[in-house]
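The sequence and the coordinates are shown below.

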Amino acid sequence: MSMQDPISDMFVRIKNAQFSNKISVNIPFSNFKKEITKLLKKEGYIENYSVKNFKKSNLKIFLKYFKGKPVIENITRISKPGLRIYKRKNEIPQVISGLGIVIMSTSKGVLSDKEARKKGLGGEIICYVS
């Protein structure tokens, strides 16, 4: 069975692992997933990550909790393979009045909404994280 949307699969694995209070979760590796994970670490939503090479490459994400509750309350996929959502630099949405982040794919790589506004870039809206 082929996977239609590997980014959505990544987000569902993270949600399910946090619901089960897991320390970490393994995800099939891709460079795009690694860039999203790097941004989540930079913004403080996960503890750490590592790339494991067994038979196939895996991305191991170490989840973060605060007082027993997951730091990532919600992660919602916006742009999907069947319907891509693009926004200009002045149309970038805010999540929970700036308390969450928007992860975007721009011409300068994967950026948060704050970085994209600062650099004056628009792009594809990947997901909302709060």
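The model is predicted.

Between β1 and β3 the antiparallel pairing extends over five bridges; within it, Ile27 has Leu59 of β3 as its bridge partner.

## Strand β8 and its partners

Strand β8 covers residues 101-106, and five of its six residues are buried, so the strand is largely enclosed by the rest of the structure. β8 pairs with β10 in the antiparallel sense over five bridges, and Val102 stands opposite Tyr128 of β10.

β8 also pairs with strand β9 (residues 109-112), again in the antiparallel sense, over four bridges. Here Met104 stands opposite Leu111 in β9. The two strands β8 and β9 form a hairpin, with two residues between them.

## Nonpolar cores

The largest nonpolar core contains 24 residues, and the members with the most contacts inside it are Phe11, Ile14, Ile36, Ile61, Ile103 and Val129. At least two residues of this core come from each of α1 (6-19), β1 (24-28), α2, β2 (46-53), β3 (57-63), β8 and β10. The element that gives the most is α1, with five residues.

Neighbours within four places in sequence left aside, Phe11 is in contact with Ile36, Ile75, Arg77, Ile126 and Cys127. There is also a second, separate core of six residues, among them Ile92, Val102, Ala116 and Ile125.

## Salt bridges

The model contains six salt bridges. In one of them, the side chains of Glu115 and Lys42 meet with an N to O distance of 2.2 Å. This pair links distant parts of the chain, with Glu115 in helix α3 (residues 113-119) and Lys42 in helix α2 (residues 31-42), 73 residues apart. Glu115 is buried, at a relative accessible area of 15%, whereas Lys42 is exposed, at 59%.

Arg84 forms a salt bridge with Glu124, and their closest N and O atoms are 3.0 Å apart. Here too the pair links distant parts of the chain: Arg84 is in the loop between β6 (75-77) and β7 (86-87), while Glu124 is in strand β10 (residues 123-129), 40 residues apart. Arg84 is partly exposed, with a relative accessible area of 40%, and Glu124 is buried, with 11%. A further salt bridge joins Arg117 and Asp113, with the closest N and O atoms 3.5 Å apart. Because Arg117 and Asp113 are four residues apart in helix α3, about one helical turn separates them. Arg117 counts as partly exposed at 32% relative accessibility, and Asp113 counts as buried at 2%.

## Backbone angles of note

Most residues other than glycine have a negative phi. Which phi value does Asn21 have? Asn21, although not a glycine, has a positive phi of about 55°. This residue, Asn21, is in the loop between α1 and β1 and is exposed, with a relative accessible area of 52%.

Ile96 is another residue other than glycine with a positive phi, the value being near 50°. Ile96 is located in the loop between β7 and β8.

Note on methods:
Residues are numbered from 1 along each chain as its sequence is written. This is a predicted model: local features need pLDDT of at least 70, side-chain atom pairs count only at pLDDT 80 or more; totals for chains, interfaces and linings use all residues. Side-chain values use heavy atoms; hydrogens and water are left out. A salt bridge is a side-chain nitrogen of Lys or Arg within 4 Å of a carboxyl oxygen of Asp or Glu. Buried means under 20% relative accessible area, exposed over 50%, partly exposed in between (1.4 Å probe, protein chains only). Two strands pair if DSSP finds at least two bridges between them. A nonpolar core is a set of buried Ala, Val, Leu, Ile, Met, Phe, Trp, Tyr and Cys residues joined through side-chain atoms within 4.5 Å. Contact means heavy atoms within 4.5 Å.
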